[in-house]
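Here is a brief report on one protein chain. The sequence and the structure come first, and the notes follow.

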Amino acid sequence: MPSGTMAFMSKKDPATMAKYQAPPASNELQQDRNFDDLAQRFSRTIYATPRGQLRLAALRQDFSDLNIDLPNRQVLDIGGGQGQFSLYLAQQQAHVSLCDISEEMLALARDQFAAEQLPLISKHCGLQQCAEAFPQQYDVVLNHAVLEWLEQPFAALQLLADRVKPGGWLSLMFYNLHGHQWRQLMNGRTHAPASANQHLRESGNAPQHPLDPDQIQHHLEQLGFELKRWRGIRCVHDHMHQKIRERIGQDKVNQSDLEFGLLEPYRRLGRYVHFLAQKQ
């Protein structure tokens, strides 16, 4: 648990504990986001860019730092999309299963694994159908950049927890409320909205629910997990002017991001947060 969080949670007053209650479900029935229409664009605009490469470098470093055993381990990537990071785990001799609600994303994942001549079990389903599609428990469960697109993100945490073996790992990456609000402030939106821009939300191009990492940590602990790594991703990159990034070079930007992404208070300003939590 990061320094300061324990003291904050120990106050036990109603206002403090209310902070850790999951938000009520919306009265409007909305569908979770499906990325069939954006699969090729994501391939070009996220994973083939410095932002995407920085994300993958951060994930690789976290798994390496915590010495997570991968050879012959069973990995389930829920909402795995194109499978960029699970491909890396397969290259470390892990056995990967992957699901997504987007057939277009799954096709890209299958192509990537096939190009590397690596086996992949893939199924077309959403997070809510995972227990039926993948009834066993796994050594490592990945859920990256999915929660913020769900209409009931906190309800999904129980479904993820159920797929992890005792002693296994949950790798959870989500869109960070603090980074979102700070970015809004820096762009002149002084009310710092806690939700996505309504126009972008309606068009499906912005995460519906930026998430508070303290709330996520609390819920994981209630589900029997111990948080072992908290990293902010793009806590330097996204708040540095593009001209400055170009002047000092992407390598220096990445080095700073990987370093400060593990430190308070900077990690709280990352565009994304990565949690590695172990099931007790």
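## Lysine 279

Lysine 279 has a relative accessibility of 15%, so this residue counts as buried; the cut-off for buried is under 20%. The model is a predicted one. Lysine 279 sits in strand S7.

Its contacts beyond four places in sequence are Gln137, Ala161, Asp162, Val164, Lys165, Pro166, Gly167, Gly168, Gly224 and Phe225. Leucine 227 is 52 residues away from lysine 279 along the chain, yet their C-alpha atoms are separated by 9.0 Å.

## Overall make-up

The protein has 13 helices and seven strands. Of its 280 residues, 49% count as buried. The accessible surface is about 13600 Å², and carbon and sulfur atoms hold 49% of that surface.

## Nonpolar cores

The largest nonpolar core has 31 residues. Leu147, Leu172, Ile216, Leu220 and Phe275 touch the most other members. At least two core residues come from each of S1 (74-78), H7 (130-133), S4 (138-144), H8 (153-162), S5 (164-175), H11 (213-222), S6 (225-233) and S7 (272-279). Helix H8 gives the largest share of this core, five residues.

Leucine 147 touches Pro153, Ala156, Leu157, Leu160, Leu172, Leu211 and Ile216, leaving aside residues up to four places away in sequence. Another core lies apart from the largest one. This other core has 26 residues, including Phe63, Val96, Tyr272 and Leu276.

## Helix H4

The buried residues of H4 are Gly52, Leu54, Arg55, Leu56, Ala58, Leu59, Asp62 and Phe63. Their cover includes helix H5 (84-91), helix H13 (250-260) and strands S4, S5, S6 and S7. Just after H4, asparagine 67 has a positive phi of about 55°.

## Salt bridges

Opposite charges on side chains can pair when the charged atoms come close. The structure holds 12 salt bridges. One network of them links Asp62, Asp65, Arg229 and Arg231.

Which partners are buried, and which are partly exposed? Arginine 234 and aspartate 238 meet at 2.7 Å, N to O. Arginine 234 is buried at 6% relative accessible area, and aspartate 238 is buried at 6% too. Glutamate 226 pairs with lysine 228, with the closest N and O atoms 3.5 Å apart. Glutamate 226 is partly exposed at 37%, and lysine 228 is partly exposed at 39%.

Arginine 267 is buried at 8% relative accessibility, whereas glutamate 264 is partly exposed at 28%.

## A nonpolar surface patch

Trp182, Leu185 and Met186 form a nonpolar patch on the surface. Together they have about 270 Å² of accessible area. Tryptophan 182 lies in helix H9, residues 177-186. Its relative accessible area is 34%, so tryptophan 182 is partly exposed.

Conventions:
Residues are numbered from 1 along each chain as its sequence is written. This is a predicted model: local features need pLDDT of at least 70, side-chain atom pairs count only at pLDDT 80 or more; totals for chains, interfaces and linings use all residues. Side-chain values use heavy atoms; hydrogens and water are left out. A nonpolar core is a set of buried Ala, Val, Leu, Ile, Met, Phe, Trp, Tyr and Cys residues joined through side-chain atoms within 4.5 Å. Buried means under 20% relative accessible area, exposed over 50%, partly exposed in between (1.4 Å probe, protein chains only). Helices (H or I, at least four residues) and strands (E, at least two) are DSSP runs, numbered from the N terminus. Contact means heavy atoms within 4.5 Å. Patches are made of residues with over 30% relative accessible area and no salt bridge: like charges are joined within 9 Å, nonpolar side chains (Val, Leu, Ile, Met, Phe, Trp, Tyr) within 5 Å. Accessible areas come from the Shrake-Rupley method with a 1.4 Å probe; for residues, only the protein chains shown count as cover. A salt bridge is a side-chain nitrogen of Lys or Arg within 4 Å of a carboxyl oxygen of Asp or Glu.
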